[in-house]
Amino acid sequence: MDLTRPSAQLLLSAYAQGIFPMAHPEEEGRVYWYAPDPRAILPLDGLRISRRFRQTLRKKPYEIRFNTDFEGVIEACAEPRPDQPQTWISEGIKEVYTELHHLGFAHSVEAWEGERLVGGLYGVALGGLFAGESMFHRATDASKICLVHLVERLKARGFSLLDVQFQTSHLERFGVIEISREAYEAQLSKALTLDCAFA
């Protein structure tokens with residue numbers, strides 16, 4: 001069994017149970033599994049947008065695309081950052097999520113400036129669950145704009161649960177809240193009964 005690259009089937013089974021993987025670079029990319037308590041979610045009717053950011057959205061500074069460069073998005077998310085020199089997005093993680101993308105389960109939201117990918121996010125859709133995994137930006141507000149478009153798309157297509165795993169001060173400003181693992185699993189159970197199509 002390859003401990004650095006879970007199978008696509010195992011990954012989908014884990015999401016259906018409220019569990020997600022992260023690779024540990026200090027252990028040569030070995031994957032560990034997590035089900036945090038509390039769990040961070042963004043209620044789809046609870047997105048908060050500041051007045052300044054709303055003005056930015058009206059200007060439409062970037063073209064938003066879906067699933068046109070999934071591999072480019074996950075590669076960018078895996079790049080080292082000033083506050084994060086090592087990443088949990090290992091080669092094995094990139095491979096299996098790319099496989100999930102080709103199978104129709106993993107999706108990307110992308111911000112483009114001309115033909116330059118300047119921001120994006122990716123995650124896994126299963127039933128009425130969208131499990132957000134990571135985001136990046138190379139231009140001002142690009143990832144934030146992708147998040148807004150993600151929420152709009154999920155609402156339009158009948159999704160009920162947007163999982164963001166862990167709370168951060170950045171996400172909290174957008175309305176992300178923490179709930180108990182028990183409450184999360186109850187919402188997950190309902191979400192998995194839905195038949196939603198992201199693409």
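Colleague: How many disulfides does a search of the whole structure find?

Modeller: This is a predicted model, in which local features need pLDDT of at least 70, side-chain atom pairs count only at pLDDT 80 or more, and totals for chains, interfaces and linings use all residues. Residues are numbered from 1 along each chain as its sequence is written, and side-chain values use heavy atoms, with hydrogens and water left out. A disulfide is taken as a pair of cysteine sulfur atoms within 2.5 Å. On that criterion, the number found in the whole structure is 0.

Colleague: How far from C77 is the nearest cysteine sulfur?

Modeller: C77 takes part in no disulfide. Its relative accessibility is 2%, so C77 counts as buried (under 20% relative accessible area; exposed is over 50%, partly exposed in between, with a 1.4 Å probe and protein chains only). The nearest cysteine sulfur belongs to C146, at a distance of 9.7 Å.

Colleague: Is L121 buried or exposed?

Modeller: L121 lies in strand β6, residues 116-126. Strands (E, at least two residues) and helices (H or I, at least four) are DSSP runs, numbered from the N terminus. In β6, 10 of the 11 residues are buried. With a relative accessible area of 4%, L121 is buried.

Colleague: Which residue takes a positive phi in the hairpin of β5 and β6?

Modeller: Strand β5, residues 106-113, runs antiparallel to β6 and is joined to it by 8 bridges. Within this pairing, S108 stands opposite Y122. The hairpin has 2 residues between the strands, and the positive phi, near 65°, is that of G114.

Colleague: What arc do the buried residues of helix α1 cover around the axis?

Modeller: In α1, residues 8-16, the buried residues are A8, L11, L12, A14 and Y15. They pack against elements including β6, β7 and α4 (91-103). The arc is that of the directions from the helix axis to the C-beta atoms. These residues lie on the same side of α1 because their arc is only 160°.

Conventions:
Pairing = 2+ DSSP bridges. Contact = heavy atoms within 4.5 Å.
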